[in-house]
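Take a look at the sequence and the structure shown here. This report walks through a few places in it, one at a time.

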Amino acid sequence: MMKGVHFLAIVALLSLTSSLVSAYDPSPLQDICVAIDDPKSAVFVNGKFCKNFKLANANDFFFQGLQIPRNTANPLGSNVTLVNVDLIPGLNTLGISIVRIDYAPYGVNPPHTHPHASEILIVMEGTLYVGFVTSNPENRLFSKVLKKGDVFVFPIGLIHFQFNVGHTNAVAFASLSSQNPSVMRIADAVFGSNPPINPDVLAKTFQLEPKIIEYLQKTF
Ligand SMILES: *[C@@H]1O[C@H](CO)[C@@H](O)[C@H](O)[C@H]1NC(C)=O
């Protein structure tokens, strides 16, 4: 009887552990698993459906055009080009993707998190003030001014940002540890949710007048 209870407890513990682990991109179960939209000619493994191995080719692992500067004439003065599994189907199940970020002078990639991915960023042009903040209760800021060739890491899930402190354009590339890192911009999520969060919640949270909250909700 006691042994049976013991066994059940271990099973419960194992299933808990495996449900935590499954919050990450699964490890690949085969060399490649090219994403394909038509399920009729596919084998489902994980992530997206996989193209039949015999039909996969080099173009499934290829993307071009990331050398082209992007337009930063927008209120933030930045432009993020994410190349994920939707653009390179061969990324399916591999747990990695890449991004190009353009910054106008004083442009910002505003505070955001990637729920599925850590990020490693390299500056190719310009000077960036970057940082991330750890969780409560420390809320410690790790920040740095980066120049061309400098590399910085943003750990998974933590809020981070980059700001171009130079008088010229800046460019960075980053790799993210997910085929689909996804992004939550804090301001958009809090003030621009759809439908909006009740302004009373935000007024209390940020200790601001409801009128200011309504203004912020209109802005985002
Ligand atoms: C980013 O740049 C591309 C190409 O230059 C442009 O089509 C797109 O609208 C830009 N996005 C933003 C948010 O400015």
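## Around the ligand

How far does a backbone N or O atom of Asn 71 lie from an oxygen atom of the ligand? The distance is 3.0 Å. Keep in mind that this is a predicted model.

An N or O atom in the side chain of Asn 74 is 2.8 Å from a ligand oxygen. For the side chain of Asn 79, the distance from an N or O atom to a ligand oxygen is 2.3 Å. The protein buries 41% of the 360 Å² that the ligand exposes when taken alone. Arg 70, Asn 71, Asn 74 and Asn 79 are the residues around the ligand. By class, this shell holds three polar residues, one charged residue and no nonpolar ones.

## Ser 78 in strand β3

Now turn to Ser 78. This residue is found in strand β3, which covers residues 78-83. Is Ser 78 buried or exposed? Its relative accessible area is 6%. The cut-off for buried is under 20%, so Ser 78 counts as buried.

The side chain of Ser 78 reaches the backbone oxygen of Val 108 at 2.8 Å. Val 108 is also on the contact list of Ser 78, which leaves aside neighbours within four places in sequence.

## The nonpolar cores

In soluble globular proteins, nonpolar side chains tend to be buried together. Here, the largest nonpolar core has 17 residues. Among the members that touch the most others are Tyr 103, Leu 128, Leu 146 and Phe 152. Strands β4, β6, β7, β9 and β11 each supply at least two residues of this core. Which strand gives the most? That is β11, with four residues.

Leu 146 shows how one member sits among others. Beyond its neighbours within four places in sequence, Leu 146 is in contact with Leu 121, Val 123, Gly 126, Thr 127, Leu 128, Val 130 and Phe 152. There is also a second, separate core of eight residues. Its members include Ala 35, Leu 91, Val 171 and Phe 173.

## The two ends of helix α3

Helix α3 runs over residues 199-206. At its start, a side-chain oxygen of Asn 198 comes to within 2.9 Å of the backbone nitrogen of Asp 200. What happens just after α3? There, Gln 207 takes a positive phi of about 55°.

Notes
Residues are numbered from 1 along each chain as its sequence is written. This is a predicted model: local features need pLDDT of at least 70, side-chain atom pairs count only at pLDDT 80 or more; totals for chains, interfaces and linings use all residues. Side-chain values use heavy atoms; hydrogens and water are left out. Buried means under 20% relative accessible area, exposed over 50%, partly exposed in between (1.4 Å probe, protein chains only). A polar contact is a pair of N or O atoms within 3.5 Å; within protein, one must be able to donate a hydrogen and the other to accept it, and residues adjacent in sequence count only if both atoms are side-chain atoms. Contact means heavy atoms within 4.5 Å. A residue is near a molecule or strand if one of its heavy atoms lies within 4 Å of it. Accessible areas come from the Shrake-Rupley method with a 1.4 Å probe; for residues, only the protein chains shown count as cover. Ala, Val, Leu, Ile, Met, Phe, Trp, Tyr, Cys and Pro count as nonpolar, Asp, Glu, Lys and Arg as charged, and the others, Gly among them, as polar. A nonpolar core is a set of buried Ala, Val, Leu, Ile, Met, Phe, Trp, Tyr and Cys residues joined through side-chain atoms within 4.5 Å.
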